[in-house]
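Dear colleague,

I am handing over the structure below, and my notes on it follow. Please read them next to the coordinates.

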Amino acid sequence: ARKYVEYMGGAEALLRRAQADFDAGHYRWVVQVTHHLVFADPTNQRARRLAADAMEQLAYQSESATWRNAYALGAKKLRFGAPKPPPGASSPMRRRA
């Protein structure tokens with residue numbers, strides 16, 4: 001992911017291009033390029049917000065409930081982080097150990 005961001009001219013250049021594409025309605029492309037930046041720098045809040053905004057737009061445009069929910073959940077995770085399991089909950093993998 002870092003090499004991709006570097007290839008695109010760095011984080012600021014990538015975000016400028018992604019914002020222009022967002023404004024033009026190219027939401028899938030925005031998700032694709034900001035995905036690389038978020039993986040290269042998970043603390044980049046501007047990239048996370050732009051990716052979440054693009055996913056939200058894709059959710060609004062989706063006819064399929066499955067895709068709509070996937071995009072909406074992706075946007076939520078980018079904005080607020082992954083949901084935490086309730087206290088005392090264990091995963092199936094932990095129970096096997």
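Helices here are DSSP runs of H or I with at least four residues, strands are runs of E with at least two, and both are numbered from the N terminus. This is a predicted model, in which local features need pLDDT of at least 70 and side-chain atom pairs count only at pLDDT 80 or more, while totals for chains, interfaces and linings use all residues. Residues are numbered from 1 along each chain as its sequence is written, and side-chain values use heavy atoms, with hydrogens and water left out.

By that assignment R48 is found in helix 4, which covers residues 45-61. Leaving aside residues up to four places away in sequence, R48 touches V38, P42, K77 and L78, where a contact means heavy atoms within 4.5 Å.

The structure holds four salt bridges. One of them joins R79 to D53, with the closest N and O atoms 2.6 Å apart. Because R79 lies in helix 5 (residues 65-80) and D53 in helix 4, this pair ties together parts that are 26 residues apart in sequence. R79 also forms a salt bridge with E56, at 3.3 Å between the closest N and O atoms, and salt bridges that share partners join D53, E56 and R79 into one network. R79 is partly exposed at 32% relative accessible area, as are D53 at 29% and E56 at 27%.

Another salt bridge links the side chains of E6 and K3 (3.9 Å, N to O). Both residues lie in helix 1 (residues 2-7), three residues apart, or about one turn of the helix. E6 counts as exposed at 56% relative accessibility, and K3 counts as exposed at 61%.

As for the whole chain, its secondary structure comes to six helices and zero strands. Of its 97 residues, 32% count as buried.

Best regards

Definitions and conventions
Buried < 20%, exposed > 50% of the residue type's maximum accessible area, 1.4 Å probe, protein only.
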